[in-house]
Amino acid sequence: MTRGKTFIVSGPSGVGKSTVLKALMEKRKNLYFSISATTREVREGEVDGIHYHFISVDEFRDWIARDEFLEYAEYVGNFYGTPKKFVDAAMDRGDDVILDIEVQGTLQVCAKRPETVRIFIAPPSWEELERRLTGRGTNTPEDIQSRLLRAKVEFQTADTYDYFVINDSVENAVRELDAIITAEHCKPADRMEIIRGK
Ligand code: ADP
Ligand code: 5GP
């Protein structure tokens with residue numbers, strides 16, 4: 001058995017990351033979605049412990065003090081962080097890990113673990129992104145404007161990622177993500193290790 005790999009998926013809020021990743025998890029086995037901790041409010045339809053660990057700012061500070069995070073960042077007024085131990089446990093049992101995190105967190109993870117694969121997901125257009133954010137019906141107009149502004153800043157960093165996927169249709173985006181993960185497992189170093197281990 002080889003150790004799993006970590007894949008970061010970043011992209012504007014509302015681009016469809018959760019939707020696409022849910023479909024990818026159904027298609028692909030041995031994939032562990034890292035559940036982040038956040039101080040933001042629960043949205044309708046979200047479940048504590050499934051979509052996020054919803055914690056208070058004080059609890060978040062405790063987690064930082066206990067060095068529980070692989071990375072953490074502030075995003076549009078709230079804190080978000082990746083609990084380290086579940087990521088490591090998943091990789092140790094051979095599962096690939098998906099981190100749905102923003103750009104600052106990506107920089108932190110890649111500074112510590114440069115082998116991490118970075119995938120940027122973009123909308124087919126800015127108009128479509130605004131439509132999706134509005135259509136989701138879970139954000140206030142002010143929050144949507146903050147997220148769109150942040151999206152345009154983050155988009156400038158997209159060329160530092162290893163892959164770029166356009167979420168025009170969920171089916172296409174899932175097919176490309178699936179192909180990227182498969183390709184990353186076809187690197188000579190990994191494949192040769194498997195053969196050497198036999
Ligand atoms: P994110 O996790 O990136 O914030 P969501 O997965 O919540 O985004 O998607 C935002 C909205 O866009 C949802 O209403 C979702 O149903 C819709 N959506 C996602 N992917 C597509 C797509 N390819 N085409 C049209 N609508 C989409
Ligand atoms: P949302 O509030 O829409 O769920 O997420 C807002 C942003 O926070 C998204 O860009 C998402 O990728 C990012 N995010 C979610 N969890 C984490 C995390 O653990 N760390 C970091 N750095 N960003 C996160």
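# Exercises on a predicted model

Arg-61 is exposed, with 52% relative accessible area. The model is a predicted one. The exercises start from this residue and then move on to other parts of the chain.

## Exercise 1: A second pair

Task: Arg-40 and Glu-46 meet in a salt bridge.

Solution. 
- Step 1. Take the distance. N to O, the side chains are 2.8 Å apart.
- Step 2. Recall the limit. Buried means under 20% relative accessible area.

## Exercise 2: A bridge across the chain

Task: Work out which helices are joined by the salt bridge between Lys-27 and Asp-178.

Solution. 
- Step 1. Start with the total. The whole structure holds 19 salt bridges.
- Step 2. Pick out this one. The side chains of Lys-27 and Asp-178 meet at 3.5 Å, N to O.
- Step 3. Assign the helices. Lys-27 sits in helix 1 and Asp-178 in helix 7. They are 151 residues apart, and the pair links distant parts of the chain.
- Step 4. Lys-27 is partly exposed at 46% relative accessibility. Asp-178 is buried at 17%.
- Step 5. Look for further members. Arg-28 joins Lys-27 and Asp-178 in a network of salt bridges.

## Exercise 3: The largest nonpolar core

Task: Say which element gives the most residues to the largest nonpolar core.

Solution. 
- Step 1. Identify the core. It has 22 residues. Leu-24, Ile-98 and Leu-177 touch the most other members.
- Step 2. List the elements that supply at least two residues each. They are strand 1 (6-10), helix 1 (17-27), strand 8 (117-122), helix 5 (126-136), helix 6 (141-155) and helix 7 (170-184).
- Step 3. Helix 7 gives the most, with 5 residues.
- Step 4. Look at another residue of that helix. Val-170 is in helix 7. Its relative accessibility is 35%, so Val-170 counts as partly exposed.
- Step 5. Val-170 and Leu-21 are 149 residues apart in sequence, yet 9.3 Å separates their C-alpha atoms.

## Exercise 4: The ligand and its neighbours

Task: Find which residues come nearest to ligand 1, and how much of the ligand the protein buries.

Solution. 
- Step 1. Name the neighbours. There are 15 residues around ligand 1. Gly-14, Lys-17, Ser-18, Thr-19 and Arg-136 come nearest.
- Step 2. Take the oxygen contacts. A polar backbone atom of Gly-14 is 2.8 Å from an oxygen atom of the ligand. For Thr-19, a polar side-chain atom lies 2.6 Å from a ligand oxygen atom.
- Step 3. Take a nitrogen contact. A backbone N or O atom of Asp-168 lies 3.3 Å from a nitrogen atom of ligand 1.
- Step 4. Turn to area. Ligand 1 alone exposes 570 Å², and the protein buries 75% of that.

## Exercise 5: A surface patch

Task: Name the residues that make a nonpolar surface patch of about 250 Å².

Solution. 
- Step 1. List the members. Phe-155, Phe-164 and Ile-166 make the patch.
- Step 2. Phe-164 is found in strand 9, residues 163-166.
- Step 3. Phe-164 is partly exposed, with 40% relative accessible area.

## Exercise 6: Positive phi in loops

Task: Locate the loops that hold Asp-67 and Val-76.

Solution. 
- Step 1. Take Asp-67. Its phi is near 60 degrees, a positive value in a residue other than glycine. Asp-67 lies in the loop between helix 2 and strand 5 (69-75).
- Step 2. Take Val-76. Its phi is also positive, about 45 degrees, although Val-76 is not a glycine. This residue is in the loop between strand 5 and strand 6 (78-83).
- Step 3. Val-76 is partly exposed, with a relative accessible area of 22%.

Conventions
Residues numbered from 1 in each chain as written. Chains lettered and ligands numbered in written order. Predicted model: local features only at pLDDT ≥ 70, side-chain atom pairs only at ≥ 80, totals over all residues. Heavy atoms only, no water. Patch = residues over 30% accessible without salt bridge, like charges linked within 9 Å, V, L, I, M, F, W, Y side chains within 5 Å. Areas by Shrake-Rupley, 256 points an atom, 1.4 Å probe, with all protein chains shown as cover. Salt bridge = Lys/Arg side-chain N within 4 Å of Asp/Glu carboxyl O. Helix = DSSP H or I, 4+ residues; strand = E, 2+ residues; numbered from the N terminus. Buried < 20%, exposed > 50% of the residue type's maximum accessible area, 1.4 Å probe, protein only. Near = heavy atom within 4 Å. Polar contact = N/O pair within 3.5 Å; in protein donor to acceptor, adjacent residues only side chain to side chain. Core = buried A, V, L, I, M, F, W, Y, C linked by side-chain atoms within 4.5 Å.
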